[in-house]
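Please keep the sequence and the model in view while reading.

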Amino acid sequence: MKPTISDKYGRTFQTLRVSLLSTCNLGCVYCTMGEEEQKAGNAAGRQKVLSADQLLPLIGMLHDELSLKTIRLTGGEPLLYPQLAQVVKGVKELGIPQIRLTTNGFLLQKQALALKEAGMQSINVSLDAVDEDTFFLMSKRRNVQRILDGIDTALAVGLEVKLNTVLMKGINHHQVLPLLDYAFERNLTLRFLEVMSMGHLYGNADRYLVTRDEILHTIAGRYDFVPVLRERSATASYWKTSTGKQFGIIANESAPFCHDCNRLRLDSDGNMYGCLSSNHPIDIKNIGSAAQLREKLSAALRQKQPLKFTGSALSMLHIGG
């Protein structure tokens with residue numbers, strides 16, 4: 001048995017998050033400063049996409065070393081990746097137990113069945129508003145109903161669905177209860193995310209921050225709830241209402257969870273990152289030996305923050321959540 005790669009806090013890598021591409025069909029304000037920046041980023045991103053035949057050997061190499069428990073496919077927007085079903089099938093053949101995906105849902109209605117048939121088990125859909133005007137303020141796009149229809153389709157084909165909402169003060173903070181009502185009506189778990197100090201918001205996210213306590217205070221105005229015991233390495237803490245509904249909060253700022261993080265990230269150019277707070281890529285495209293891979297994994301593990309997320313100038317569009 002191979003010795004486990006771990007640090008002095010007992011952390012190792014068990015979850016791999018793969019950013020398939022760094023392009024997106026929405027213009028969410030926490031990822032990009034505007035249309036021109038996104039166009040430039042999308043153009044650059046299209047030059048760095050690995051094919052399924054290039055990507056799967058990298059994932060397999062990491063799985064052989066780490067015995068991964070979960071893989072999450074992200075972006076940019078992963079439903080724009082032309083070989084998505086091929087990657088899902090390939091990951092399933094590698095024997096990684098849990099295959100998940102995070103999407104903005106804009107193309108989900110057309111692709112949900114193919115994802116399920118390829119072996120996808122669970123998806124997280126980013127939904128920052130159910131109100132059309134607020135959705136536009138957050139995403140710079142119209143037609144939130146297209147995402148809601150995609151969610152219904154995903155549920156109909158048998159995919160597990162969770163919802164993610166990034167809250168930003170002054171933009172969509174008033175959507176907490178409407179979103180929660182929408183999720184509870186469909187028996188879905190919704191997780192609220194504190195805005196992250198990433199990309200153009202690096203060092204400037206505090207003015208948009210809606211804290212965990214503020215979120216709980218708002219929800220308490222309508223629902224009674226109690227906390228649920230947090231699972232090790234979980235990003236979210238959960239609460240259960242008196243009627244049995246569940247919601248979560250990913251509070252990277254007000255309640256950090258770095259101490260037992262088990263996530264490794266792989267970008268669309270074949271670079272690893274051990275932490276979202278690091279913007280120093282570790283290239284693994286030309287690994288010559290298992291020993292060399294272990295050295296690079298150890299370097300990635302050293303990137304992890306000991307106690308608290310500090311942010312990075314790296315855009316979420318590039319590395320995913």
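Which residues in H7 are buried? In this predicted model, they are Val-176, Leu-177, Leu-179, Leu-180, Tyr-182, Ala-183 and Phe-184.

- Helix H7 covers residues 176-185, and seven of its 10 residues are buried, so the helix is largely enclosed by the rest of the structure.
- Just after H7, Asn-187 adopts a positive phi of about 60 degrees.

**Helices H3 and H4**

- Two packed helices are described by the angle between their axes and by the distance between those axes.
- Helix H3 (residues 84-94) packs with helix H4 (residues 108-118) at an angle of about 20 degrees, and their axes are 8 Å apart.
- Because angles under 35 degrees count as roughly parallel, H3 is described as roughly parallel to H4.
- The crossing of these two helices, H3 and H4, is right-handed.
- On the H3 side, Leu-84, Ala-85, Val-88, Lys-89 and Lys-92 take part in the contact, and they meet Gln-111, Leu-115 and Ala-118 of H4.
- The residues of this contact between H3 and H4 comprise five nonpolar, one polar and two charged.

**Helices H4 and H6**

- The axes of H4 and H6 come within 8 Å and cross at roughly 20 degrees.
- That angle makes H4 roughly parallel to H6.
- The crossing of H4 and H6 is right-handed.
- The residues of the contact of H4 with H6 are divided into four nonpolar, three polar and one charged.

**The sheet**

- The model contains an open sheet of 12 strands with mixed pairing, in the order S7-S8-S9-S6-S5-S4-S3-S2-S1-S10-S11-S12.
- Strand S7 (225-228) and strand S12 (282-283) stand at the edges with a single partner strand each, so one side of each has no neighbour in the sheet.
- Within the sheet, strand S3 (residues 98-103) and strand S4 (residues 122-126) run parallel and are joined by four bridges.
- Ser-122 in S4 is the bridge partner of Arg-100.

Definitions and conventions. Residues numbered from 1 in each chain as written. Predicted model: local features only at pLDDT ≥ 70, side-chain atom pairs only at ≥ 80, totals over all residues. Heavy atoms only, no water. Buried < 20%, exposed > 50% of the residue type's maximum accessible area, 1.4 Å probe, protein only. Axes fitted to C-alpha atoms, helices over the stretch in contact; angles between N-to-C directions. Parallel < 35°, antiparallel > 145°, perpendicular 65-115°, else oblique. Left-handed = near helix turned anticlockwise from the far one by under 90°. Contact = heavy atoms within 4.5 Å. Nonpolar A, V, L, I, M, F, W, Y, C, P; charged D, E, K, R; others polar. Pairing = 2+ DSSP bridges.
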